[in-house]
Amino acid sequence: MVWEAYKKVRANKGSAGVDSVSMEEFDVNRAKHLYKLWNRMASGSYFPPPVKEVEIPKKDGKVRKLGIPTISDRVGQMVVKEYIEPRLEKIFSANSYGYRPNKNAHQALESVRKNCWKTDWVIDLDIKGFFDNINHDKLM
């Protein structure tokens, strides 16, 4: 699973995280890095390192903060994603479209068009700035 996750992360060509280790540097000791990650994930002793914060300029002159995890952490996240996503997909509502594989905004709009003839109410849980404002201690 770690190897398959690594190949997907490698294909994404992301930049270095807070540890400043680029993909090229990671690959020099790839076996060591992947073994260390596998060992910690398998034993339950893995803790993600801090995330590098980068500000991305927006069209309105403001900035959006973007978190860049280390390459090892991205591989670990991909392992978890690949393991858990198919299991969770089975229990999600067919009407849920946010951040779902093989679902997009156009499909969501089509679903809304069809559903508006069935009921006279809507639930919308897209809260602007949700993750900027939620109490992260409680979230964790």
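**Charged and aromatic contacts in a predicted model**

K58 counts as partly exposed, because its relative accessibility is 42%, which lies between the limits of under 20% for buried and over 50% for exposed. The structure described here is a predicted model, and K58 is placed in the loop between β1 (52-57) and β2 (63-68). On the surface, K58 gathers with K62, R64 and K128 in a patch of positive charge. The points below turn to the salt bridges, of which the structure holds 8, and to the aromatic pairs, of which a search of the whole structure finds 3.

**Salt bridges**

- R10 and D27 form a salt bridge in which the closest N and O atoms are 2.8 Å apart; this pair links distant parts of the chain, since R10 belongs to helix α1 (residues 2-12) and D27 to helix α2 (residues 23-28), with the two residues 17 apart.
- E110 itself counts as partly exposed, with a relative accessibility of 35%.
- Salt bridges that share partners join K8, K81, E82 and E85 into one network.

**Aromatic pairs**

- A pair of aromatic rings is described by the distance of the centres and the angle of the planes.
- For Y35 and W38, the ring centres are 5.6 Å apart and the planes stand at 40 degrees, so the pair is tilted.
- Y35 and W38 are separated by about one helical turn, because they are 3 residues apart in helix α3 (residues 30-43).
- Y35 counts as exposed at 52% relative accessibility, whereas W38, at 44%, counts as partly exposed, because the exposed class requires over 50%.
- Elsewhere in the chain, ring pairs link W3, Y6 and F26 into a cluster.

Conventions
Residues are numbered from 1 along each chain as its sequence is written. This is a predicted model: local features need pLDDT of at least 70, side-chain atom pairs count only at pLDDT 80 or more; totals for chains, interfaces and linings use all residues. Side-chain values use heavy atoms; hydrogens and water are left out. Patches are made of residues with over 30% relative accessible area and no salt bridge: like charges are joined within 9 Å, nonpolar side chains (Val, Leu, Ile, Met, Phe, Trp, Tyr) within 5 Å. Accessible areas come from the Shrake-Rupley method with a 1.4 Å probe; for residues, only the protein chains shown count as cover. A salt bridge is a side-chain nitrogen of Lys or Arg within 4 Å of a carboxyl oxygen of Asp or Glu. Lys and Arg count as positive and Asp and Glu as negative; His and the chain ends are not counted. The place of a charge is taken as NZ of Lys, CZ of Arg, CG of Asp or CD of Glu. Helices (H or I, at least four residues) and strands (E, at least two) are DSSP runs, numbered from the N terminus. Buried means under 20% relative accessible area, exposed over 50%, partly exposed in between (1.4 Å probe, protein chains only). Rings of Phe, Tyr and Trp (its six-membered ring) pair if their centres lie within 6.5 Å; planes under 30 degrees apart count as stacked, over 60 as edge-to-face and the rest as tilted.
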